[in-house]
Amino acid sequence: MIWNKTIECMRREEMQKLQSVRLKRVVEHAYHNTSFYRGRMQEMGLTPDDIESIDDITKLPFTVKQDLRDNYPFGLMAVPMSEIVRLHASSGTTGKPIVVGYTRKDLSIWSEAVARCLYAAGVTRNDAVQVSYGYGLFTGGLGLHGGVENIGGTVIPMSSGNTQKQIQLMHDFGAKALACTPSYALFLGETIKESGIPRKEFQLKIGLFGAEPWTENMRREIEESLGIKAYDIYGLTEIIGPGVGCECKCQHGTHLWEDHFLPEIIDPNTLQPVKPGEPGELVFTTLTKEGMPMIRYRTRDLTSLHYEKCDCGRTAVRMDRILGRSDDMLIIRGVNVFPSQVESVILETPEFEPHYLIIVDRVNNTDTFQIQVEVRPEYYTDEMNKILALKKKITAQIQSVIGIQPEIKIVEPHSIERSMGKAKHVIDNRKLV
Ligand code: ADP
Ligand code: ZN
């Protein structure tokens, strides 16, 4: 089942031709309609005529989040504000929010991109989809909403929060699919279990989870807890919102809709492209966006891309799981640590809940590295020797993956705060000094 077969299964050469035509067009649009891109290109001695095909993309300047902040709120709009029919803003996980604007056509491209995602995960017009991403300035809620309407499914526009009601309506309305952050999916699973409503009374089969990094182990945990198939959906406000790409039923990489969003992977230090399959920073150029085109936007997300055709029949490039944002990387006692590495180990340990909190500080010029983990109720005990053995085990496992020794703090069931949106896994007190 494929939604836009012509595009999703297009031969690579044809896709590159299409991308080249569109790249040329978007560069012209950005150059002629924003002083920002025109200025950047002029500084480099470039005109739109220098861009003939996607091979010329490396000539173009990069765009970064700071550029959006410097041009706050509407400086990067490439159409008159009368053409802008919707504004969104990023949730500001890292600093001040940034604003984006959509034309009517941009909204229709977005809802098509999300429709492809829903189909890839197996959602059809016969299905009710509970959208439990936040509605509002955050792109999650309204983004998924538009996609469900586009394929003719039934939207349940729950937004996030009000967890008891989420469970009740999911049950009563027979939601077949759920869209939210992976951390909220976990919380919903936990709440269903506690509600006492038998799982077989739910129709839920499919989850579309994204907006934050999550691991394979987390996927298994969610699939088990909700009795569903869990698919990764990826996106970011600057590019369009959720739906830049999604996994198909093969769960073998996140297909990116590269006829609209042209991806590159660069080495974040040298800024040079890496070979296909090699890891680096993901960069996107929007090929069709009118309102706020983005040229070579550096996402800070670290991943790799694979161009071999997928077993599902799609040729659309596949992206590996995001390891994390380069901004999420902690440097503890000189060692690079991604929260996703810690998550992976904790979720492999059956005694622990999939909830954790990393607390970093600096005491006497040395970094402290504490990880709070929550023991599952069935393993909860006041026998000191058992707790110490458990502590020793997880400490050794984390040390073997990361290379430095954490201080493990085992906490009682339910004591780590549950998240309804993007989870906060790290408190770095060093930044306050
Ligand atoms: P903010 O930047 O304020 O968090 P966004 O909602 O635009 O606002 O966040 C987009 C970012 O969320 C992406 O750049 C990426 O880091 C993360 N993200 C989104 N989807 C996924 C996903 N499926 N897997 C991992 N990270 C994701
Ligand atoms: Zn596929």
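Which residues of helix α7 (residues 163-172) are buried?

Modeller: The model is a predicted one, and the answer should be read accordingly. In helix α7, the buried residues are Thr-163, Gln-166, Ile-167, Leu-169 and Met-170. The elements that cover them include strand β3 (128-131), strand β5 (177-180) and helix α8 (182-195). After α7 comes Gly-174, which has a positive phi near 65°.

Ser-159 is located in the loop between β4 (154-156) and α7. Its phi is likewise positive, near 65°, although Ser-159 is a residue other than glycine. Ser-159 has a relative accessible area of 17%; because the limit for a buried residue is under 20%, Ser-159 counts as buried.

Helix α9 (residues 216-226) has as its buried residues Asn-217, Met-218, Arg-219, Glu-221, Ile-222, Glu-223 and Leu-226. Asn-364, in the loop between β18 and β19 (366-375), is a residue other than glycine with a positive phi, near 50°. Asn-364 counts as exposed, at 70% relative accessibility. The peptide bond between Tyr-72 and Pro-73 is cis, with omega about -10°, and Pro-73 belongs to the loop between α4 (65-70) and β1 (86-89).

Two helix pairs come next. Helix α5 (residues 104-120) and helix α6 (residues 139-151) have axes that come within 7 Å and cross at roughly 75°, and the two helices are therefore roughly perpendicular to each other. On the α5 side, the contact involves Trp-110, Ser-111, Glu-112, Val-114, Ala-115, Leu-118 and Tyr-119; on the α6 side, Thr-139, Gly-143, Leu-144, Gly-146, Gly-147, Val-148, Asn-150 and Ile-151 take part. Of these residues, eight are nonpolar, six polar and one charged. In the other pair, helix α2 (residues 12-33) packs against helix α3 (residues 35-43) at an angle of about 105°, and the axes are 5 Å apart. This makes α2 roughly perpendicular to α3.

Cys-248 (SG), His-255 (NE2), Cys-310 (SG) and Cys-312 (SG) coordinate the zinc ion (ligand 2) at 2.1 to 2.3 Å. The four donor atoms form a tetrahedral site, with angles of 105 to 114°. Their spacing along the chain is C-x6-H-x54-C-x1-C. His-255 lies in strand β9 (residues 254-256), whereas Cys-310 lies in the loop between β13 (305-306) and β14 (318-319), so the pair ties together parts that are 55 residues apart in sequence. His-255 is buried, with a relative accessible area of 0%, and Cys-310 is buried at 4%.

Finally, Phe-352 is in strand β18 (residues 352-363) and is buried, with a relative accessible area of 1%. Beyond its neighbours within four places in sequence, Phe-352 is in contact with residues including Ile-346, Val-373, Leu-390, Ile-394 and Ile-410. Between Phe-352 and Leu-390, the separation is 38 residues in sequence and 9.6 Å in space, C-alpha to C-alpha.

Definitions and conventions: Residues numbered from 1 in each chain as written. Chains lettered and ligands numbered in written order. Predicted model: local features only at pLDDT ≥ 70, side-chain atom pairs only at ≥ 80, totals over all residues. Heavy atoms only, no water. Donors = N, O, S within 2.8 Å, 3.2 Å for Na, K, Ca; no water. Tetrahedral: all angles 85-135°; square planar, octahedral: opposite > 155°, others 65-115°. Helix = DSSP H or I, 4+ residues; strand = E, 2+ residues; numbered from the N terminus. Buried < 20%, exposed > 50% of the residue type's maximum accessible area, 1.4 Å probe, protein only. Axes fitted to C-alpha atoms, helices over the stretch in contact; angles between N-to-C directions. Parallel < 35°, antiparallel > 145°, perpendicular 65-115°, else oblique. Contact = heavy atoms within 4.5 Å. Nonpolar A, V, L, I, M, F, W, Y, C, P; charged D, E, K, R; others polar.
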